[in-house]
Amino acid sequence: MSVVGTRPNYMKIAPIAAGIAKREELEHVLVHTGQHYDDSMSRVFFEQLGVGAPDHTLDVGSGTHAVQTARVMERLEPLLLALAPDVVLVPGDVNSTMASALVAGKLDMRVGHVEAGLRSFDRTMPEEINRVVTDSIADMLFIHSPEARTNLLAEGAPEETIVAVGNTMIDTLVAMLPRVEEASTGASLGLTKGDYLLVTLHRPALTDGPLLAEALARLAELARELPVVFPVHPRTRARIDALDLAATGVRLLDPLGYIEFMSLVRSATALLTDSGGIQEETSFLGIPCFTLRDNTERPITVTAGTNVLLGLEPRRISEIPDLLAQRAGVRPASIPGWDGAAASRVLAVLELDELPSRVALTAARRSDEQRVDGAVREVGRPQPLV
Ligand code: UD1
């Protein structure tokens, strides 16, 4: 069973679902929690990615973190009990991911986390809490970059639970690239290839306070020299509407489908974003990406890719033309496992005659703890100061 809930999840699971569909001995049940529910945030992706409609939808909708998480847990539990899947796959770092891992783990079902081990080390991000909790429960930690292994080992994950599979979101991009290249979304919007800044901003740290108005003001300034196109997430749209701005010269669009959006990415001069996935996709495609955040859980996109962290500082948007001039000639990143074949490596694990058992993994965790305990005994327990 795979459980998805939000827009970026679909691209991470689609290639795994396609791989399972080709194997007679495996059966796949796709559950959509309904965390994202607008057609433009959900249905259009299932259609374009060819995954087919989800087998079950939980209709949890929007709510506070606690409400959304609790609804997923309440509604997923009976389904898990009825279907008793061998493995529950959860991708990414959204509330649906963590909630599903919690329910499945407590029912003693094997949990596989696709995109495990990413850390921003910023606990003010709800996603960071989701990542840490999900990884602490998952039995199979499917990672896409080397720093994920380091992070997981540092948190005490047993080595044998970590499997480097690569990036399944890039699998989707590789598979869809011919259709992305056929689409000419930019031209239909009157944009010239290589001559516009594409923007996506949706994180609470940016949208739910004064920074959004400042970002829009800086973008309006920039739009005088470089066209700025901004497909707007519903969360951000609500905030922009509340600001009641005069026309800014920034082209605000409704959320786009996968093909339309990636077609715009492919032809953009650069991206300005606070999304995680876009840092990866632009690195793979060789498009400069400016990330309006203080940190990234995807540092490999900075060290090996095209990503530049601007900080959570909208004033730095004005530096983009100069930064671009310095970055002429950036190339697509070549990152091991970001190659279109990550899902087949996940499937190789799912096809093992014997999947790692929770009992064995629990024993591994315990012996790790004992090792730590042993080390403490050797060095001597810390003595009280007084
Ligand atoms: C969620 C994830 C975030 C991810 C993002 C991708 C969490 C904590 N956050 O953020 O990590 O980067 O998805 O898009 O899980 N809304 C609609 N229609 C929809 C969905 C949402 O109008 O189909 C509006 C609602 O007003 C809702 C708000 O957007 O309250 C936020 O949605 P929510 O799912 O809570 O979080 P996202 O901001 O989408």
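Q: How far is an oxygen atom of the ligand from an N or O atom in the side chain of Ser 62?

A: Note that this is a predicted model. The distance from the Ser 62 side-chain atom to the ligand oxygen is 3.5 Å. A polar contact needs N or O atoms within 3.5 Å.

Q: Which other polar atoms lie by an oxygen atom of the ligand?

A: Take His 36 and Tyr 37. A polar side-chain atom of His 36 is 2.6 Å from a ligand oxygen. For Tyr 37 the polar atom belongs to the backbone, and its distance to a ligand oxygen is 2.8 Å.

Q: How much of the ligand's accessible area does the protein cover?

A: On its own, the ligand has 740 Å² of accessible area, and the protein covers 84% of that.

Q: How many residues surround the ligand, and which are the closest?

A: The shell holds 18 residues. His 36, Asn 95, Glu 127, His 202 and Arg 235 are the closest. Two helices, H3 (65-83) and H11 (234-243), supply at least two shell residues each. As for the site, the ligand takes up the space of the largest pocket.

Q: Now the charges. How many salt bridges does a search of the whole structure find?

A: First the general idea: side chains of opposite charge can pair when their charged atoms come close. The cut-off is 4 Å, from a Lys or Arg side-chain nitrogen to an Asp or Glu carboxyl oxygen. Here the search finds 22 salt bridges.

Q: Where in the chain do Asp 93 and Arg 131 sit, and are they buried or exposed?

A: Their side chains form a salt bridge at 2.9 Å, N to O. This pair links distant parts of the chain, 38 residues apart. Asp 93 is in the loop between strand E4 (87-91) and helix H4 (95-106), while Arg 131 is in helix H5 (residues 126-137). Buried means under 20% relative accessible area. Asp 93 has 8%, so it is buried. Arg 131 has 2%, so it is buried too.

Q: Which residues are linked with them in a network of salt bridges?

A: The network joins Lys 12, Asp 93, Glu 115, Glu 128, Arg 131, Glu 280, Arg 293, Glu 297 and Arg 298. Within it, the side chains of Arg 298 and Glu 297 meet at 2.6 Å, N to O. Arg 298 is buried at 2% relative accessible area. Glu 297 is buried at 1%.

Q: What are the accessibilities of Arg 149 and Glu 159?

A: Arg 149 is partly exposed, at 27%. Glu 159 is partly exposed as well, at 44%. Their side chains make a salt bridge of 2.8 Å, N to O. Arg 149 is in helix H6 (residues 146-154), and Glu 159 is ten residues away, in the loop between H6 and strand E7 (162-164).

Q: Last, the backbone. Which residues other than glycine have a positive phi?

A: The general idea: most residues other than glycine have a negative phi. Ala 84 is one of the cases to look at, with phi near 40°. It lies in the loop between H3 and E4. Asp 108 also has a positive phi, about 65°. Its place is the loop between H4 and strand E5 (110-114). At 56% relative accessibility, Asp 108 counts as exposed.

Conventions:
Residues numbered from 1 in each chain as written. Predicted model: local features only at pLDDT ≥ 70, side-chain atom pairs only at ≥ 80, totals over all residues. Heavy atoms only, no water. Helix = DSSP H or I, 4+ residues; strand = E, 2+ residues; numbered from the N terminus. Buried < 20%, exposed > 50% of the residue type's maximum accessible area, 1.4 Å probe, protein only. Near = heavy atom within 4 Å. Polar contact = N/O pair within 3.5 Å; in protein donor to acceptor, adjacent residues only side chain to side chain. Areas by Shrake-Rupley, 256 points an atom, 1.4 Å probe, with all protein chains shown as cover. 1 Å grid on protein atoms, 1.4 Å probe; cavity = no way out; pocket = protein on both sides within 12 Å on 5 of 7 lines; lining within 4 Å. Sits in = over half its atoms within 2 Å of the grid points.
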